[in-house]
Amino acid sequence: MINIALPKGRLGEKVYGMFEKAGYACPSIREDNRKLTFENPETGVRYFWVKPSDVAIYVERGAADIGVAGKDILLEYSPDVYELLDLNVGKCRMCVAGPKDFRDDPSQTLRVATKFAHIARRYYASQSRQIDIIKLNGSIELAPILGLSDVIVDIVETGKTLLENGLAPLETIVPISARLIANKANYKFKYNEICTMAQRMEQALTQEK
């Protein structure tokens, strides 16, 4: 059995469809139930749903052989896993955003509100810019509106939420998409199975283009 951690929600459902096309169907996952694990001995797979931000932990710790995690999670937490394939779904970008008329004053410490403290630190360190990180867990857009921060570092998909709150993307840090990742030890033990799966996923991706 190959144990596969899928992120809950729309992305996970889309990704499962890709596994299905690649020949790793598990019909019970489509049934209306509250189960968290699903297996199909015929195709040798066991799927389970987890919170998107937890996928990399399940894979890194070996509870899952492979999983699907956003590049934002991989950059922020740097889990010790192999990144096998860019699935080209869940596309968005990590951006610096703020008031449309914002002008950075290098003589002042820049206040940055974000959920992604490590990504923000690395980005501004590469520019030798002194910053003050304000770690928030939700409604990041409020921070510059209420004067808590100068800018934010966050994921931007369409930019609509920013626009509706009088903000705009100012700089793109890195493009983000979902990645197929593997546990390093299990990758060696199940090398043929995991490599075959990754190749079939890549072929399914090519056919979609």
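These legends describe close-up views of a predicted model. Local features need pLDDT of at least 70 and side-chain atom pairs count only at pLDDT 80 or more, while totals for chains, interfaces and linings use all residues. Residues are numbered from 1 along each chain as its sequence is written, and side-chain values use heavy atoms, with hydrogens and water left out.

**View 1. The largest pocket and its lining.** This pocket holds about 1000 Å³ of space. A pocket is an open set of points on a 1 Å grid over the protein atoms alone, where a 1.4 Å probe fits, with protein on both sides within 12 Å along at least five of seven lines. Its volume is the space filled by probe spheres set on the points, which are joined across faces, edges and corners. The lining numbers 42 residues; a lining residue has an atom within 4 Å of a point. Asp72, Gly90, Cys92, Ile155 and Glu157 lie nearest the centre. Elements giving two or more residues to this lining include α1 (10–21), β4 (66–70) and β9 (151–156). Helices (H or I, at least four residues) and strands (E, at least two) are DSSP runs, numbered from the N terminus. By class, 19 lining residues are nonpolar, eleven polar and twelve charged. Here Ala, Val, Leu, Ile, Met, Phe, Trp, Tyr, Cys and Pro count as nonpolar, Asp, Glu, Lys and Arg as charged, and the others, Gly among them, as polar.

**View 2. The second largest pocket.** Its volume is about 180 Å³. Lys8, Gly9, Glu13, Tyr16, Ile29, Arg30 and Trp49 form the lining. Three of these residues are nonpolar, one is polar and three are charged.

**View 3. Tyr16 and Tyr47, an edge-to-face pair.** The structure has six aromatic pairs. Rings of Phe, Tyr and Trp (its six-membered ring) pair if their centres lie within 6.5 Å; planes under 30 degrees apart are stacked, over 60 edge-to-face and the rest tilted. Here the ring centres are 5.3 Å apart and the planes stand at 85 degrees. Tyr16 belongs to helix α1 and Tyr47 to strand β3 (residues 45–50), so the pair ties together parts 31 residues apart in sequence. Tyr16 is buried at 2% relative accessible area, and Tyr47 is buried at 0%. Buried means under 20%, exposed over 50% and partly exposed in between (1.4 Å probe, protein chains only). Ring pairs also bring in Phe19, which forms a cluster with Tyr16 and Tyr47.

**View 4. Tyr82 and Tyr187, also edge-to-face.** The centres lie 5.2 Å apart, with 65 degrees between the planes. Tyr82 sits in strand β5 (residues 81–86) and Tyr187 in helix α7 (residues 184–189), so the pair ties together parts 105 residues apart in sequence. Tyr82 is partly exposed at 29% relative accessibility. Tyr187 is buried at 17%.

**View 5. Strand β1 (residues 2–7), a buried strand.** Six of its six residues are buried, so β1 is largely enclosed by the rest of the structure. Ile2, Ile4 and Leu6 point one way, and Asn3, Ala5 and Pro7 the other way. β1 pairs with β3 in the parallel sense over six bridges; pairing requires at least two DSSP bridges between strands. Asn3 has Arg46 as its bridge partner in β3. β1 also runs parallel to β4, joined by two bridges. Ala5 stands opposite Gly67 there.
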